[in-house]
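Q: Could we go through this structure together, starting with its overall layout and then turning to some local contacts?

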Amino acid sequence: MAEQLIISISGMRGIVDENLTASIASEYGCAFGTFLKDTCTGKQKLSVCIGTDSRPSGQMLKSAVIQGLNAVGVDAIDLAIVPTPSVGIMLRRLDCDGGLVITASHNPSQYNGIKLLLANGIAPPSDAAEKIKKYYFDKQFALADSSNLGKATSNNQTDDIHIAKVLAIVDKEKISTENFKVVLDSVNGAGGPITKKLLAELNCVVSPINDEPNGLFAHTPEPTAENLTGLCDVVKEQKADIGFAQDPDADRLAIVDENGTYIGEEYTLALAAKYIYSKKTGNAATNLSTSRMIDDIAGKTGGQVYRTAVGEANVASAMMENNCIIGGEGNGGVIDLRIGPIRDSLVAIVLVLQLMAETGKTVSQLASELGDYYMNKEKFTADKSQAQKILDSAKELFTDAKIDTTDGCRFDFEDGWLHLRSSNTEPVMRIIVEAKDKNTARKYIDAVLNIRKKIFG
Ligand code: MG
């Protein structure tokens with residue numbers, strides 16, 4: 001598989017020992033440490049905390065990154081195998097100047113990556129990311145002399161701290177009286193141990209599957225319908241109230257209802273928002289590719305939904321700027337700023353359980369009260385210039401739509417919306433469409449595919 005190492009705003013991602021090696025990871029640690037030394041002036045000693053998901057290559061890459069950080073005089077705090085959101089929480093708790101997560105999220109196990117977080121818990125904005133990239137490519141490292149090298153220590157408090165923070169936003173007693181029967185599929189990623197502890201605190205009867213954080217992914221790790229048939233079966237067999245599926249770094253969550261039916265990742269944010277808006281009023285933020293369900297929920301209380309370019313950091317920044325009470329992405333990523341500006345499957349879990357406990361309704365009942373939209377996501381190969389031609393033609397065709405060009409093009413119609421955007425990481429154009437029914441959705445997708453055919457034959 002000859003793929004390139006991808007270096008983007010949120011970090012780097014590649015195939016281990018093919019294009020992502022120990023020496024690359026070490027130099028990336030040097031580059032990030034040098035950037036922090038440049039920007040966090042006035043501090044005697046800088047520190048960065050580091051977590052990994054469960055991939056077998058995590059240990060090797062972590063050691064290499066720590067070497068790089070130490071070489072430029074930055075201390076490293078090793079959190080071991082923990083969810084990505086846990087690193088965000090710990091970096092602020094330990095007053096670190098940055099955070100690193102060794103993860104390739106939902107990608108297959110041969111992949112790994114290094115994700116960067118600044119002291120505020122968000123990925124670097126684009127100007128900072130460009131600087132880090134430049135330090136890396138120019139090998140411009142502020143190496144420390146032997147008396148000023150960084151040190152590596154470890155910290156094993158992550159689970160307790162993360163769980164306590166998450167429990168503080170719900171009524172633990174209320175959820176505990178329900179004795180919910182839960183099936184948890186952590187795909188042998190980082191989420192298993194901490195999520196089992198959280199559910200035990202909430203008096204849930206848990207049937208865990210794939211809960212060993214050994215990186216041997218029991219199924220294709222993206223928490224989509226086709227990959228979660230095993231979870232659906234166990235929910236049905238066990239007559240459970242709900243099934244939860246995490247991705248390997250446990251920032252995303254998908255839900256299976258009490259009948260063993262996968263309800264779709266879009267519903268995770270919608271259900272979490274439904275609970276939040278039952279308690280308070282305020283604004284929300286999400287990306288342009290996410291369902292209108294959140295607009296419907298927020299709209300009932302007069303709340304505004306801010307739409308951003310795709311990318312967790314964009315949503316998190318918009319949430320902080322606009323004081324949002326909830327936000328996230330339609331891929332199952334829920335953000336609650338009381339916990340941190342980062343997608344967190346544990347947050348999504350407690351908010352949904354609280355909603356069930358307070359309403360006494362099943363997951364299928366709660367889901368049926370939302371939207372009733374039909375959504376479809378497709379993609380096709382297109383490089384940047386091909387994608388631009390398609391966007392230009394689409395703008396000429398859909399003259400009746402309200403157009404948002406923050407990230408590709410989103411066309412909002414009376415009966416639905418269509419979002420066309422190029423992937424940041426591969427030569428692919430994505431089409432996301434949502435409408436009241438399947439035929440309407442198909443109409444918009446076919447219109448785009450026709451444009452593509454006319455341009456490229
Ligand atoms: Mg993830």
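Predicted model: local features only at pLDDT ≥ 70, side-chain atom pairs only at ≥ 80, totals over all residues.

Q: Into which domains is the chain divided?
A: The division gives domain 1 (6-158), domain 2 (178-368) and domain 3 (374-456).

Q: And how far apart are the C-alpha centres of domain 1 and domain 3?
A: Those of domain 1 and domain 3 are separated by 36 Å.

Q: Turning to strands, how do β8 and β9 run, parallel or antiparallel?
A: Strand β8 (residues 181-185) and strand β9 (residues 205-209) are parallel and are joined by 5 bridges. In β9, V205 is the residue opposite K181.

Q: Which helix belongs with them in a β-α-β unit?
A: Helix α7 (residues 192-201) does; together with β8 and β9 it makes a right-handed β-α-β unit.

Q: New topic: how many aromatic pairs are there?
A: The count is 6 aromatic pairs. In one of them, F398 and F413 have ring centres 5.3 Å apart and planes at 75°, so this pair is edge-to-face.

Q: Where do F398 and F413 sit in the chain?
A: F398 is in the loop between α14 (384-397) and β17 (402-404), whereas F413 belongs to strand β18 (residues 409-413). They are 15 residues apart.

Q: Is F398 buried or exposed, and what about F413?
A: F398 counts as buried, with 6% relative accessibility. F413 is also buried, at 6%.

Q: Which residues make up the cluster linked by ring pairs?
A: The cluster consists of F398, F411, F413 and Y444.

Q: And which residue lies over the face of W417?
A: R410 does, at 4.0 Å from the ring centre.

Key
Residues numbered from 1 in each chain as written. Heavy atoms only, no water. Phe/Tyr/Trp six-rings, centres within 6.5 Å; stacked < 30°, edge-to-face > 60°. Helix = DSSP H or I, 4+ residues; strand = E, 2+ residues; numbered from the N terminus. Buried < 20%, exposed > 50% of the residue type's maximum accessible area, 1.4 Å probe, protein only. Lys NZ or Arg CZ within 6 Å of the ring centre and 35° of its normal. Domains from an automatic or database assignment. Pairing = 2+ DSSP bridges. Right-handed = clockwise from strand over helix to strand, strands pointing away.
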